[in-house]
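Trainee: I would like to go through this structure step by step. Could you take my questions in turn?
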Amino acid sequence: MAIPKVEDLRAAVATEPNMFTGAIPRKDWQDTFTEFKEGNFAYPAKPEMVEYHHFPNPRIWSPDQDDWKLPDGWEDIILNGLRERLDKFRSLKVFMDICVRCGACADKCHFFLGTGDPKNMPVLRAELLRSVYRNEFTVGRKLLGKMQGNRPMTVKVLKEWFMYSYQCTECRRCSVFCPYGIDTAEITMMMRELLHLVGVGINWILEPAANSNRTGNHMGLQPHTFKDNIGYLVDDVKEITGVDVHPTFNRKGAEILFITPSADVFAEPGIYTFMGYLLLFEHIGLDYTLSTYASEGGNFGLFTSNEMMKKLNAKMYAEAKRLGVKWILGGECGHMWRVIHQYMDTMNGPADFMEVPKSPITGTVFENARSTKMVHISEFTADLIKHGKLKLDPKRNAHRVPTFHDSCNPARAMGLMDEPRYILDNVVPKWHEMNENCIREKTYCCGSGTGLNTGEIMELRMRAGLPRANAVQDVNQRFGVNALATVCAIDRATLSTLMEYWLPNTSDDPSRATDVDVIGLSELVGNALVMDGEIENREQGLRFEELITTETEG
Amino acid sequence: MKVLRPIIAVLALIVAGGVLGIWQGTQMLVGVILPSIAFLVLIVGIIRKVIDWAKSPVPFKIPTTCGQAKSLSFIKEDRFESPNSKSDVIVRMFLEIFLFRSLFRNTSAGIKSNNSPKLHYGPSLWLWLFGLLFHYTFLTIVLRHLRLFTDPVLPGLAMLEYLDGFVQIGAPVLYQSNLIFMAALVALFVRRLVMPQVRYISLGSDYFPLLLIFSIGATGMLMRHYFRVDVTAIKQLTMGLVTLNWTNPGTIHPVFFIHVTLVSTLMIYFPFSKLMHAGGIFFSPTRNMANDSRATRHINPWNDPNIKPHSYAAYEDDFREFMVAADIPVEKELPPAPAAEKKEEVTE
């Protein structure tokens, strides 16, 4: 389905009658049916992908057909799966029991704000599962069933699960506002796991997961291609700055292993972020290596199942051990850092073969990563700046007036909020915060996280990204913000699309697609770095864009 | 209408309590036996539920961070929004439980409809306010009722009663907590009926406790201010409950038995319903865990050691020629000559 023109969608989101704009649905949510049509669902996983992961029920099917070709006895498979997960996850059990449906979460979800679909209110999304849970597992279910709105497990319910667990980016914004901390991510992660038990999953997650498993990265770049691509970036760095940078690959004995999302290696605008890394590491003479085997920071397992997450993540420690590095440095990525911060050590630790991370440049010991042995690039960079180890000329970024987009997971699952801001303060002349309801722990998702950045659901993505785009537009109009800085690879891809759609280019420069460019924070760092032996009066930024000032200062 | 069923249920309970409260024999049933059983169900039910929650492990450390984490020395940490230690977690939980911290964040989003839609946000604190008022006045009322279950009366209760009746209106004195309690209940109920989003998500089991508790409050106030029931007789009955010396003085107005029927229903309903949020909040992993998962390893009891990554050896076997050709170091060199047959180039 083609995506509507922006002016049409603008009118639609504000005026079409829905639960958010003030219209009240005539039917109770229990009585409405999920309608699948081209454009509102991500394509199902190809049979060969399902087979690759040894998941059950590989077949060709489509959500918009009535028959989903579910295996015999699928209801029992689901219910047994649910029972098993209730016994494994206290979060699930407690979150099934204690919601009082106060509604505080209702208008906190970007999917709800963009679509007005009542089942996108986090409370109802969870009720899709809760109604079945109550029907099967609670005392008094027979007596209270009607009053509690309990439902048996039916095809109708299963279809709702598929629709709405894939209209949740597991961003955890609702859990900030919930008086009991109920986290919809915990619930949709379980729903997705349950769906996989009967062979219901989407290709845009299972295929990248398969690629990550075999080639080490989600795009399926083979080792030589991975290295070649970085070679091109090395050439570009040379051309722009005149500086030779020296990345190494799979090098044993390096002090630090650097892992970043593979999108930074091959896709705009991530590649500029990568050039920033290259310049930074050269600037400080870091003894680091990249790995082609562990060449993906992102983890599509997080969007699939806890087992898959563990399997894909395990490469990081395995490679660190093989190469004998002292610790791991991680690039800018949102969900990658959810996995590293909250899951990696538990799943694949203890990482006792490494040392407590210590910056070789400043001597700072990263106590907060004492056990995991993995440090975020923003923590690392902020520390360098604080110790005056970087020669920075913020005026090199004078053509950028950024705002900062907190990515969901660094903000709400790590508490990494002020390190990037500290860096921004030091690498650009000025930048502006967005509306306080749209940043830090209240930040909005890009609308396409958790494996939803696939083309066939573009309208849905643009709607889900509306709250973010809206907040950017506001600072664009008020302060002339023309850049959206972020520390997330999915953001770099999806926010670019979002900006091009909602904030199309209004300038005279036909080469621009949008008024607001999406920029990795490390690109701004790299662009501001004054390198030894660089071209005098450098005229180009890392995107070959013209710089405003050509004077360099020490 | 989802609210109909709960209304009928509560009315039925009122009628049943009232009818059974007329005769001495049946008074014993609803005034003594029912609350005794109900109290047992409440206690056992809560314990069972809590044990049931506790039996499921917490495999991962998943706090929701609502502020800056402890990291570098020059980055200011937000200790209670992103707690790093047990003591910080305790403060965070205290703020959640006693002040409803997270609900205090509540905003209301709207969209202005014109050519360029604009989302706007405003504070939305009515729910927080009425929620807080309801819970604290409920607590006050429950504490005041301890007068009926202790002899001599617990120290401090007289002071509580004095403060609660501080305004000194009417005789017997009108407790402020009662008024606020009833007002908060009405507000919470009306909110459910009037706000479209909340109305849409509300189930019968959301209206039922509100109506039930409202009826408990109403019958209580009627007893005190309208029927002027025989408090001495009631205390005789309630002390009998506590001392297991069951008695029915026989001079108590039927409205008391309606009150007790409703309270008993609440106690029985409590452990099997959403009212368990009172206990559940203590178990919420997004709130009760420290954000120190990179500094201290959290153990998952069911972590499966058999889940291994696609090994490096298998990876190198797959790509060795390419790696050698690209000058990427390998563990095993290529077989001398002739070059191994070309592996299929699939990217899956």
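Trainee: Is Asn527(A) buried or exposed?
Mentor: This is a predicted model: local features need pLDDT of at least 70, side-chain atom pairs count only at pLDDT 80 or more, and totals for chains, interfaces and linings use all residues. Residues are numbered from 1 along each chain as its sequence is written, while chains are lettered from A and ligands numbered from 1 in the order in which they are written. A residue is buried if 20 or more other C-beta atoms, placed from the backbone, lie within 10 Å of its own, exposed if 12 or fewer do, and partly exposed in between. Asn527(A) has 30 other C-beta atoms within 10 Å, so Asn527(A) is buried.

Trainee: In which helix of chain A is Asn527(A) found?
Mentor: Helices are DSSP runs of H or I with at least four residues, strands are runs of E with at least two, and both are numbered from the N terminus. By that count, Asn527(A) belongs to helix 23 of chain A.

Trainee: How many residues of helix 23 of chain A are buried?
Mentor: Helix 23 of chain A covers residues 521–528. Its buried residues include Leu521(A), Glu523(A) and Ala528(A). The helix is largely enclosed by the rest of the structure, because the buried count is 8 of the 8 residues.

Trainee: Which elements do the buried residues of helix 23 of chain A pack against?
Mentor: Start with the helices of chain A: they are helix 14 (270–284), helix 17 (377–386) and helix 19 (418–427).

Trainee: Which residues is Asn527(A) in contact with, leaving aside its neighbours within four places in sequence?
Mentor: Two residues are in contact if their C-beta atoms, placed from the backbone, lie within 7 Å. The contacts of Asn527(A) are Gly276(A), Arg396(A), Asn397(A), Gly541(A) and Leu542(A).

Trainee: Which residues have the most contacts inside the largest nonpolar core?
Mentor: A nonpolar core is a set of buried Ala, Val, Leu, Ile, Met, Phe, Trp, Tyr and Cys residues joined through C-beta atoms within 7 Å. The largest one has 241 residues. Helix 11 (residues 254–269) of chain B gives the most to this core, with 11 residues. The residues with the most contacts inside the core are Cys105(A), Met275(A), Ile328(A), Val472(A), Leu484(A), Met499(A) and Leu266(B).

Trainee: What is the order of the open sheet in chain A?
Mentor: Two strands pair if DSSP finds at least two bridges between them. Strand 1 (residues 256–259) and strand 2 of chain A pair in the parallel sense over 2 bridges. The edge strands, each pairing on one side only, are strand 2 (288–289) and strand 4 (374–376) of chain A. The sheet has 4 strands of chain A with parallel pairing, in the order 2-1-3-4.

Trainee: Which helix gives the most to the side of domain 1 of chain A that touches domain 2 of chain A?
Mentor: Domain bounds come from an automatic or database domain assignment, and for chain A they give domain 1 (6–201) and domain 2 (210–528). The C-alpha centres of these two domains of chain A lie 30 Å apart. In chain A, 27 residues of domain 1 are in contact with 27 residues of domain 2. With 5 residues, the most is given by helix 5 of chain A.

Trainee: What is the radius of gyration of chain B?
Mentor: Chain B has 13 helices and 2 strands. For its 348 residues the globule rule gives 20 Å. Chain B is well over this, so it is more spread out than a compact globule, with a value of 31 Å.

Trainee: What percentage of the residues of chain B count as buried?
Mentor: In chain A, 62% of the 554 residues count as buried. For the 348 residues of chain B, the value is 37%.

Trainee: How many residues does the contact take from chain B?
Mentor: Chain A gives 106 residues to the contact. Helix 15 (residues 306–323) of chain A gives the most to that side, with 8 residues. From chain B, the contact takes 89 residues.

Key: The radius of gyration is taken over C-alpha atoms; the globule rule is 2.2 Å times the number of residues to the power 0.38.
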